[in-house]
Amino acid sequence: MLSILQFHIQNHFPYLKDKKLLLAISGGIDSMVLLHLFHILEFDITVAHCNFSLRDAESDADEDFVRTTCEALKIPNYIQKFDTKQFAADYKLSIQLAARKLRYNWFSELLSEQKLDYVLTAHHLDDEIETFLINLTRGTGLEGLTGIPEKNENVIRPLLKFSREEIEIFAKENNIQWHEDSSNASNKYLRNKLRHDVVPILKELNPSFMHSFQNTLNNLKQSQTLVDDASRIVYRKAVQEEEHQKKINISALKQLNNYKAYLFQWLKPLGFSAWDDIYKLVNAQSGKQIFSENYSLLKDRQFLIVTQQNDASNCNSYAIERETLEVKIPLNFKISRVDNISNVLNTVIFVDEEKISFPLEIRKWREGDVFYPSGMNGKKKVSKYFKDEKFSLIDKKNQWLLCSNNEIVWIINHRADQRFIAKQTTKKIIKFETKA
């Protein structure tokens, strides 16, 4: 196993030899074998152990075991104790998901604080099989059937080539000690039930099951690369990327043999999951929306518009005091007193200070808002202005107004209200300018 791993690293991860590695060590057989392998190969390693406080004295015993082992091997180590149950309750997560979030958030902090390069975990081939079956039972796309990635950003899983049986043989042959997690014996969790009841039957039906499964995974991964390539090519043809949004052209989408597959590829990484509703959105009326945790998907005429949600868009009003010279939220605003008017652009407005009242307000538009557009006679509804200027629903939602006593001074970056704009004869001129 040692020589096979060494050869695998040389071919797939040759850069690891000069890097500082953080090994995630639980104390179980898989992680202890990982620790000893990389210690024998003389990599620059540091150990991280998470005590999730889920098994009382047993969890504390695992912590002591990992610490003692690292001290004996003279390996730097970090131990973190978590109140996982409380974290899960606070954020309404399952225990497993809570532990995962706590673990990887802490690993990320350690990489930054200790100037380490990669996290190594002890996932192996049996873990891949179990993950495959879990995703299969829950329903998934091709990506969910390609197993656990060997490298995912700064997380590397070098033992995916090896089965649990191979790891156990290596541990026993080399007198490696480990702690058995008592929860692994319980069928309370789906993964354990698959491990104890389903996988043994598959191995019994096909003695070469592990080898066959590896071949299947490799074939699926190759198919996934074809899907990714096709997705990128079509994306460039059908999607317009703008500063704060992405516009999916519905007409171009409908020309595809199976546009649903492309929507799935583009939107799944953004956290969308209501696929039936998303597919119906293509033929829905304008104004229909679907949300993920951080994004919205809006049907607007001939486009599906993806916009990232942010804290600033959730607040509808901001005050500007007389002495304010710069604003960062919701827009990057610079305010100055000037002696004359120059550089009249969409991003700049010159206002007669004697015609406005502080504090000014930056707010979103409201139904019924009217203003007096510069260069025109009379007033106009803001909604009518939006329609005439062909604002999309997302544009209207994101548009900010500069107001004085609830009267519109400026549809920011678009049109000033002629009642407030400064003239060459104006004595007190304020310049408002937005910055990118």
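## Loop residues and backbone features

Pro359 sits in the loop that links strand E15 (348-352) to strand E16 (360-364); helices (H or I, at least four residues) and strands (E, at least two) are DSSP runs, numbered from the N terminus. The peptide bond between Phe358 and Pro359 is cis, with omega about 0 degrees. This is a predicted model, in which local features need pLDDT of at least 70, side-chain atom pairs count only at pLDDT 80 or more, and totals for chains, interfaces and linings use all residues. Residues are numbered from 1 along each chain as its sequence is written, and side-chain values use heavy atoms, with hydrogens and water left out.

Glu153 is placed in the loop between strand E5 (151-152) and strand E6 (155-156). Its phi is near 55 degrees, a positive value in a residue other than glycine. Glu153 is exposed, with a relative accessible area of 67%; exposed means over 50%, buried under 20%, and partly exposed in between (1.4 Å probe, protein chains only). Lys390, in the loop between helix H14 (382-388) and helix H15 (393-398), has a positive phi near 60 degrees. Lys390 also counts as exposed, at 67% relative accessibility.

## Helix H2

Helix H2 covers residues 29-40, and its 12 residues should span 16 Å at 1.5 Å a residue; the expected span is 1.5 Å times one less than the number of residues. The end C-alpha atoms of H2 are 16 Å apart, which agrees. After H2 comes Glu42, whose phi is positive, near 60 degrees.

Of the 12 residues of H2, 10 are buried, so the helix is largely enclosed by the rest of the structure. The buried residues are Ile29, Asp30, Ser31, Met32, Val33, Leu34, Leu35, His36, Leu37 and Phe38. Elements that they pack against include helix H1 (2-12), strand E2 (44-51), helix H3 (57-73) and helix H7 (164-173).

## Packing of H2 with H7

Two packed helices are described by the angle between their axes and the distance between the axes. For H2 and H7 the angle is about 60 degrees and the axes are 10 Å apart. This makes H2 oblique to H7. Axes are lines fitted to C-alpha atoms, for helices over the stretch in contact, and angles run from 0 to 180 degrees between N-to-C directions. Angles under 35 degrees count as roughly parallel, over 145 as roughly antiparallel, 65 to 115 as roughly perpendicular and the rest as oblique.

On the H2 side, Ile29, Asp30, Val33 and Leu37 meet Ile167, Glu168, Phe170 and Ala171 of H7; contact means heavy atoms within 4.5 Å. By class, this contact has six nonpolar, no polar and two charged residues. Ala, Val, Leu, Ile, Met, Phe, Trp, Tyr, Cys and Pro count as nonpolar, Asp, Glu, Lys and Arg as charged, and the others, Gly among them, as polar.

## Helix H11

Seven of the nine residues of helix H11 (residues 259-267) are buried, so H11 is largely enclosed by the rest of the structure. These are Tyr259, Tyr262, Leu263, Phe264, Gln265, Trp266 and Leu267.

Lys431, in strand E22 (residues 429-434), is buried, with a relative accessible area of 17%. Leaving out residues up to four places away in sequence, Lys431 touches Lys334, Ile335, Ser336, Val338, Val348, Ile349 and Phe350.

Lys246 belongs to strand E8 (residues 245-249) and is partly exposed, at a relative accessible area of 30%. Beyond its neighbours within four places in sequence, its contacts include Tyr235, Val239, Glu241 and Leu304.
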